[in-house]
Protein chains: 2
Amino acid sequence: MKFPKSLEELIECFKLLPGIGEKNAERLSFAVLKFSDENAEKFSNSINNVKTKIVKCSICNNLTEDSEICSICSDDTRDSSTICVVESTKDLILFEKSNAYKGKYHVLEGLISPLEGINPEDIKINELINRIKKEKIKEVILALNTSMEGETTSLYILKLLEGTDVSVTKIAAGIPVGADMEYLDALTIQRALEGRNKLS
Amino acid sequence: MKFPKSLEELIECFKLLPGIGEKNAERLSFAVLKFSDENAEKFSNSINNVKTKIVKCSICNNLTEDSEICSICSDDTRDSSTICVVESTKDLILFEKSNAYKGKYHVLEGLISPLEGINPEDIKINELINRIKKEKIKEVILALNTSMEGETTSLYILKLLEGTDVSVTKIAAGIPVGADMEYLDALTIQRALEGRNKLS
């Protein structure tokens with residue numbers, strides 16, 4: 001005895017999502033069963049739409065819909081001499097939310113990770129270098145995770161840009177604003193110390 | 001700056017699900033974006049299907065697909081003189097998985113809860129009583145939660161069947177198999193004691 005076929009199928013689909021197991025998938029599927037017809041249709045359509053309508057921006061690899069070039073690349077008011085290199089569109093959105101950056105971006109598709117078989121040519125680094133050569137870029141800001149993979153990727157890009165007159169910078173590592181010092185790890189403390197700023 | 005429109009819509013839909021907040025909805029939506037076309041189509045279709053194909057069994061109120069009467073009600077090999085009353089299809093599946101019951105079911109749509117405005121007429125109790133009058137039922141097994149609402153609902157059904165020659169039973173409350181005694185609450189211990197069985 002199992003659930004009706006469509007329900008079983010929906011449960012299987014929910015189980016494909018990260019962090020969702022059998023019990024949770026059942027719970028979510030029953031919740032969908034109780035959705036209004038309107039919401040269920042919206043849910044079903046939006047899954048279809050994200051797969052069919054969303055494409056990668058042909059310049060910066062950001063996600064875009066209804067056009068080949070994303071809203072940031074086509075925004076002439078932004079500083080086009082600076083490129084901020086991020087790991088994913090999610091990270092790009094975080095930077096945009098901070099309102100602290102008005103240049104352009106380049107979205108990688110992950111980070112270099114020999115263990116997982118992810119090589120530089122898999123994550124749009126060549127496209128970044130081509131862009132830097134073609135467009136008039138003054139500064140490349142590396143805004144990648146401070147993980148081993150992030151550091152490797154930053155270093156790799158830095159090496160590739162050696163000898164060019166592009167300035168390469170890296171966002172500061174240190175204590176997060178509002179964080180409680182006692183919960184910080186030794187490496188973060190070390191980075192915060194190394195990056196200390198002169199106040200007087 | 002936000003995510004592309006379809007992605008925003010998908011995030012909103014995930015947020016309608018219980019226990020899924022903003023961050024989690026974003027994470028799941030990005031996972032859908034990485035689904036294979038086949039899986040995305042399956043996901044989208046199954047949401048549609050559960051809403052359009054699944055109906056309630058006209059006899060026992062269980063979920064059924066492709067027919068008006070569910071597979072349990074139409075199974076002649078099952079004992080049709082016994083009805084096990086459960087709160088939901090989920091509970092029915094649990095009983096089926098136990099392989100301990102070969103009678104029929106009646107699926108309520110929740111439990112009586114004056115606080116939440118759920119009255120007996122909202123949860124298919126009338127349909128249960130009509131069934132008991134019409135079919136030749138010998139035993140009604142109450143298999144509802146031991147919560148206040150479950151107990152109220154059990155008591156209500158018991159009252160309605162007073163004076164009829166139908167035997168009404170309730171599944172045993174006690175210590176769950178494999179549970180560690182020290183984590184059990186006082187009420188469970190009390191019920192386990194009240195329901196003690198003579199061994200010799």
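Two residues are in contact if their C-beta atoms, placed from the backbone, lie within 7 Å. The model is predicted: local features need pLDDT of at least 70, side-chain atom pairs count only at pLDDT 80 or more, and totals for chains, interfaces and linings use all residues. Residues are numbered from 1 along each chain as its sequence is written, and chains are lettered from A in the order in which they are written.

**Exercise 1.** Determine through which surface the copies meet, and describe the side of chain A that touches chain B.

*Solution.* 
Step 1. Contacts join 40 residues of chain A to 41 residues of chain B.
Step 2. Two or more residues of this side of chain A come from each of helix H1 (5-15), helix H2 (22-33), helix H3 (37-52), strand S2 (63-65) and helix H4 (89-98). Helices (H or I, at least four residues) and strands (E, at least two) are DSSP runs, numbered from the N terminus.
Step 3. H3(A) gives the largest share, twelve residues.
Step 4. Of the interface residues of chain A, 100% are also interface residues in chain B, so the copies meet through the same surface.

**Exercise 2.** State how chain A is superposed on chain B.

*Solution.* 
Step 1. The superposition is by least squares on the C-alpha atoms of residues with pLDDT of at least 70 in both copies.
Step 2. A rotation of 180° with 0.0 Å of shift along its axis places chain A on chain B, with an RMSD of 0.0 Å.
Step 3. The two copies are therefore related as by a two-fold rotation axis.
Step 4. In chain A, the C-alpha nearest the axis belongs to A:Ser44, 2.2 Å from it.

**Exercise 3.** Identify the residues that touch the most other members of the largest nonpolar core.

*Solution.* 
Step 1. A nonpolar core is a set of buried Ala, Val, Leu, Ile, Met, Phe, Trp, Tyr and Cys residues joined through C-beta atoms within 7 Å; buried residues have 20 or more other C-beta atoms within 10 Å of their own.
Step 2. Beyond its neighbours within four places in sequence, B:Leu10 is in contact with A:Ser46, A:Ile47, A:Val50, B:Ser29 and B:Val32.

**Exercise 4.** Describe the open sheet of four strands in chain B.

*Solution.* 
Step 1. The strand order is S4-S3-S5-S6, with parallel pairing; two strands pair if DSSP finds at least two bridges between them.
Step 2. Strand S4 (103-107) and strand S6 (167-170) of chain B each have a single partner strand, so one side of each is left without a neighbour in the sheet.
Step 3. Strand S3 (residues 79-86) of chain B pairs with S4(B) over five bridges.

Technical notes:
Buried ≥ 20, exposed ≤ 12 C-beta atoms within 10 Å, placed from the backbone.
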